[in-house]
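Have the structure open in a viewer and follow the stops below in order. Each stop names something to select and then says what is there.

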Amino acid sequence: MADLIAKGTIEPGCQKVDPILIADSVSRSFGGNKAVDVAHLEIPRGKITALIGPNGAGKTTLFNLLTGFDKPDTGTWNFEGRNLAGVAPYKVARIGMIRTFQLTKALSLLTVLDNMRLGAQTNPGEKIFASLIRPIWAKQEAEITERAETLLKRFKLDTKAADYAAALSGGQRKLLEMARALMGNPKLVMLDEPMAGVNPALTQSLLDHIKGLKANGTTVLFVEHDMHMVRHISDWVVVMAEGKIVAEGPPADVMKNPAVIDAYLGAHADSDLGDVR
Amino acid sequence: MDLVQILSLPLIQFFSATTAAYVLCALGIAMQFGFTGLLNFGQAAFAAVGAYAYAIGDLFLHFGPIGSLAFAVICATGFSFVLGIPTLRLRADYLAIVTIAASETFRLLMTSGQLGPWTGGTEGLDSVGNAYYKMNPIPQGIYNVLGIPLTEKQLWSDLTGWSTVVVCALIMLVLTRSPWGRALKGIREDEDALKSLGKNTFAYKMQALTIGGIFGAFGGIVFSIDSQTVQPTVFGTNFTFMCWTLLLLGGAATVLGPIAGGMVFFVVFLFLQHLLQGLQGVGILPFMTQDQASQIPFVVMGVTLMLLVIFKPQGFFGNKKETQING
């Protein structure tokens with residue numbers, strides 16, 4: 001399995017057989033604190049990669065940098081060979097790299113269905129002059145609505161379609177945000193703690209959705225704390241600590257890596273990481 | 001105290017061009033604030049840009065009514081870009097500060113001596129819209145509308161004002177119910193979320209600011225055609241806050257709200273003013289002067305605005321769920 005993903009020795013920053021995203025010397029400081037300092041990172045295409053690490057390791061900051069929501073001090077990165085450094089967040093999303101947020105950003109005072117429709121990227125009715133003439137966008141809008149309803153059904157939110165997103169529970173908002181990201185047909189979907197605050201019953205269905213994404217050929221990169229989940233669904237694990245990548249590899253091997261145990265797992269390697277912090 | 005007058009005078013405001021002018025400005029703010037979340041506290045400046053551009057095009061550049069209108073729209077668009085490009089990337093509060101400062105700056109600039117030959121300085125301009133009134137198809141005479149006598153000139157300017165309101169409201173209804181309008185509401189809720197979904201939020205905000213600004217410019221034009229003057233003092237901050245009051249009265253995230261809000265606001269306002277003046281005149285309010293009596297409605301307006309924002313933030317036509325401050 002590991003041979004199919006990595007090229008050569010498996011070590012932090014190792015090369016991949018078929019990388020979709022390659023980052024080089026990306027760094028970002030907040031005052032004197034170097035939040036992110038990644039020398040080299042490649043994300044394998046068509047796989048589920050987990051990004052783990054203790055709180056304050058710089059995982060979310062790295063997400064923000066890669067998606068253009070924050071500007072790095074140094075560094076370049078490219079997505080499918082396309083340079084993304086300095087590219088505006090909305091363009092990053094249009095290229096096919098769509099993220100979600102740790103604190104969900106459901107659009108509270110829009111209906112669940114409208115939230116979904118906004119995820120679609122090729123709606124001619126979103127252009128100001130075209131929006132005035134309904135026949136230009138009516139057909140596409142109907143298609144988008146249909147796709148949104150299918151996705152909502154898959155995420156078991158179809159009964160909530162007409163409700164305001166504000167009326168959803170925290171876990172349902174996570175689901176909505178993920179479903180909304182999928183409306184844009186991403187090539188790489190970046191989920192920032194998709195399971196945080198989701199009850200165990202929903203967690204299982206979320207995990208299934210993530211696996212389903214891989215089956216459809218979408219690459220997944222997600223941040224997670226819970227090691228059990230990571231072990232179950234990820235093909236590859238990247239471990240961050242203090243802004244640096246300290247280890248990577250297949251989940252089973254990474255857990256045994258002394259660097260990871262030192263930096264992260266400590267004496268609780270076999271227990272649920274959510275409790276360790 | 002003439003009761004008939006107290007009741008009938010305010011009624012004129014139902015369909016007066018002045019009300020239409022304020023309603024147009026309020027519609028513009030509804031677009032910017034109600035649907036997009038942009039705090040524009042400088043709508044008076046857009047109205048002033050429209051009024052001055054129209055007057056200058058009409059009086060000095062001889063563009064004719066249509067040409068002057070186009071010139072005013074171009075100027076309002078330009079003003080919106082000057083205002084928006086540096087500020088729309090910042091947080092909403094900054095836009096509020098910048099717009100209020102910009103509107104005062106623009107007004108004071110118009111009164112400066114150097115621009116006097118074009119703007120009339122502190123005196124302002126008159127004879128605005130003579131060319132437009134020449135187009136009046138209504139035969140000369142006095143017309144009775146709901147028991148109120150109007151000249152053909154007044155009727156023409158009222159018709160102009162309200163048909164502009166109808167056209168703008170229709171455009172706004174179509175826009176806000178389209179996917180474009182949905183994106184605006186998304187920006188109002190969470191701009192970062194929209195960015196993460198591939199929407200160019202800056203462009204949307206610029207478009208909303210410009211359309212709202214053009215509506216404001218129409219308001220300024222209607223105002224100056226109706227009064228046939230452009231007075232810099234009219235376009236002070238109180239103009240902006242008047243527009244905000246009738247917007248919040250009707251409902252910020254609605255199209256009908258500002259229209260109904262404007263009608264109700266001016267009728268009630270003038271009714272109060274006339275009533276209090278009348279009561280004072282017959283000695284019922286001995287503790288206040290005539291001037292004080294006419295100021296009371298402003299106090300009432302301020303209190304109403306506060307009560308409205310606290311207890312009915314969605315206005316009278318808004319959807320309670322949609323405009324609640326904390327979702």
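Select β3(A) and β6(A): these two strands pair in the antiparallel sense over five bridges. The model is predicted. Within this pair, find A:Ser27, which stands opposite A:Thr74 in β6(A).

Keep A:Ser27 selected and turn to the other neighbour, β4(A). Strand β3, residues 19–30 of chain A, is joined to β4(A) by ten bridges, and the two run antiparallel. Which residue of β4(A) is the bridge partner of A:Ser27? The partner there is A:Asp37.

A:Phe79 has A:Arg82 in β7(A) as its bridge partner.

Now show the four strands together. They form an open sheet of chain A with the order β4-β3-β6-β7 and antiparallel pairing. Why do β4 and β7 of chain A each have one side without a neighbour in the sheet? β4 (33–44) and β7 (82–83) stand at the edges, and each has a single partner strand, so one side of each is left without a neighbour in the sheet.

A:Glu80 is partly exposed: 15 other C-beta atoms lie within 10 Å. A:Glu80 and A:Ile20 are 60 residues apart in sequence, but their C-alpha atoms are 5.2 Å apart in space.

With the sheet still shown, select helix α2, residues 59–66 of chain A. Helix α2 lies across β3, β4 and β6 (74–79) of chain A and runs at about 65° to β4(A).

Zoom out to the whole of chain A. Its secondary structure comes to eleven helices and twelve strands. The radius of gyration is 19 Å, close to the 19 Å that the globule rule gives for 277 residues, so chain A is as compact as a globular protein of that length. Along the principal axes, the C-alpha atoms of chain A fill a box of roughly 60 × 40 × 40 Å. Of the 277 residues in chain A, 48% are buried. Among contacts between residues at least 6 apart in the sequence of chain A, 66% join residues at least 24 apart.

Colour chain A by domain. Domain 1 covers 2–106 + 168–275, and domain 2 covers 109–167. Their centres, taken over C-alpha atoms, are separated by 28 Å. Where they meet, 15 residues of domain 1 of chain A are in contact with 16 residues of domain 2 of chain A. On the domain 1 side, the elements that give two or more residues are α7 (170–183) and α8 (200–215) of chain A. α7(A) gives the most to that side, with nine residues. By class, the domain 1 side has eight nonpolar, four polar and three charged residues.

The last stop is the contact of chain A with chain B. How many residues does each chain give to this contact? Chain B gives 24 residues and chain A gives 30 residues. On the side of chain B that touches chain A, the elements that give two or more residues include α8 (152–176), α9 (179–189) and α11 (201–227) of chain B. The largest share of that side, seven residues, comes from α9(B). By class, the chain B side has seven nonpolar, eight polar and nine charged residues.

How values were computed. Residues numbered from 1 in each chain as written. Chains lettered and ligands numbered in written order. Predicted model: local features only at pLDDT ≥ 70, side-chain atom pairs only at ≥ 80, totals over all residues. Contact = placed C-beta atoms within 7 Å. Nonpolar A, V, L, I, M, F, W, Y, C, P; charged D, E, K, R; others polar. Domains from an automatic or database assignment. Pairing = 2+ DSSP bridges. Axes fitted to C-alpha atoms, helices over the stretch in contact; angles between N-to-C directions. Rg over C-alpha atoms; globule rule 2.2 N^0.38 Å. Buried ≥ 20, exposed ≤ 12 C-beta atoms within 10 Å, placed from the backbone.
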